[in-house]
Amino acid sequence: MSATADHAEERTNPAARLGFQPGQVVQEIGYDDDVDQELREAIEEVIEGDLMDEDYDDVADAVVLWFRDDDGDLTDALVDATTYIEEGGAILLLTPKTGRAGYVEPSDISEAATTAGLTASKSVSVGKDWSGSRLATPKAAKSKR
């Protein structure tokens, strides 16, 4: 595939834009009947496989975390999600957009991410009802002397 085609896919497929890659193992947490099915399908298309559910018991390359304001403590959810992924892996935190039921304030996301030891690298609109925040875990290289 040409570089132009790759860039075109990144613009049209939100999963490619979010950095998902073919062959990645992606675990999904917080699935419910309100999730964006088109985004889920787009991620599965890019990774060329199924999303793993909450019962997956191996290490994943990334986690997709659907989180609503009434789902409990966001910091706890993020800390739990980091236990499922490789060092240097990413968490895609998906929260309802402004005005939607379950909306989470951006300041709450930032505070929870910092407390959980994560860094936010980008926030994007990923569908009609959901916003995504890509949160990165510390890279192993940072811990080497």
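**The α4 and α5 contact**

Author: L74, T75 and L78 of helix α4 meet D108, I109, A112, A113 and T115 of helix α5, where contact means heavy atoms within 4.5 Å. By class, the residues of this contact comprise 5 nonpolar, 2 polar and 1 charged. Nonpolar covers Ala, Val, Leu, Ile, Met, Phe, Trp, Tyr, Cys and Pro, charged covers Asp, Glu, Lys and Arg, and the others, Gly among them, are polar.

The model is predicted: local features need pLDDT of at least 70 and side-chain atom pairs count only at pLDDT 80 or more, whereas totals for chains, interfaces and linings use all residues. Residues are numbered from 1 along each chain as its sequence is written, and side-chain values use heavy atoms, with hydrogens and water left out.

Helix α4 spans residues 74–82 and helix α5 residues 106–115; their axes come within 8 Å and cross at roughly 45 degrees. Axes are lines fitted to C-alpha atoms, for helices over the stretch in contact, with angles from 0 to 180 degrees between N-to-C directions. The two helices are therefore oblique to each other, a class left over once angles under 35 degrees (roughly parallel), over 145 (roughly antiparallel) and 65 to 115 (roughly perpendicular) are set aside. The crossing of α4 with α5 is right-handed, that is, the near helix is turned clockwise from the far one by less than a right angle.

D80 also belongs to helix α4. This residue is partly exposed, at a relative accessible area of 46%; buried means under 20%, exposed over 50%, and partly exposed in between, for a 1.4 Å probe and protein chains only. The C-alpha atoms of D80 and A116 are 9.2 Å apart, although 36 residues separate the two along the chain.

Q27, in strand β1 (residues 26–29), is buried, with a relative accessible area of 0%. A polar atom of the Q27 side chain lies 3.0 Å from the backbone oxygen of D53, and one lies 3.5 Å from the backbone oxygen of Y56. Beyond four places in sequence, the contacts of Q27 include M52, A60, V63 and Y84.

As for the setting, the protein has 6 helices and 5 strands, in the order α-α-β-α-β-α-β-α-β-β-α from the N terminus. Helices (H or I, at least four residues) and strands (E, at least two) are DSSP runs, numbered from the N terminus. Buried residues account for 39% of the 145 residues.

Notes
Polar contact = N/O pair within 3.5 Å; in protein donor to acceptor, adjacent residues only side chain to side chain.
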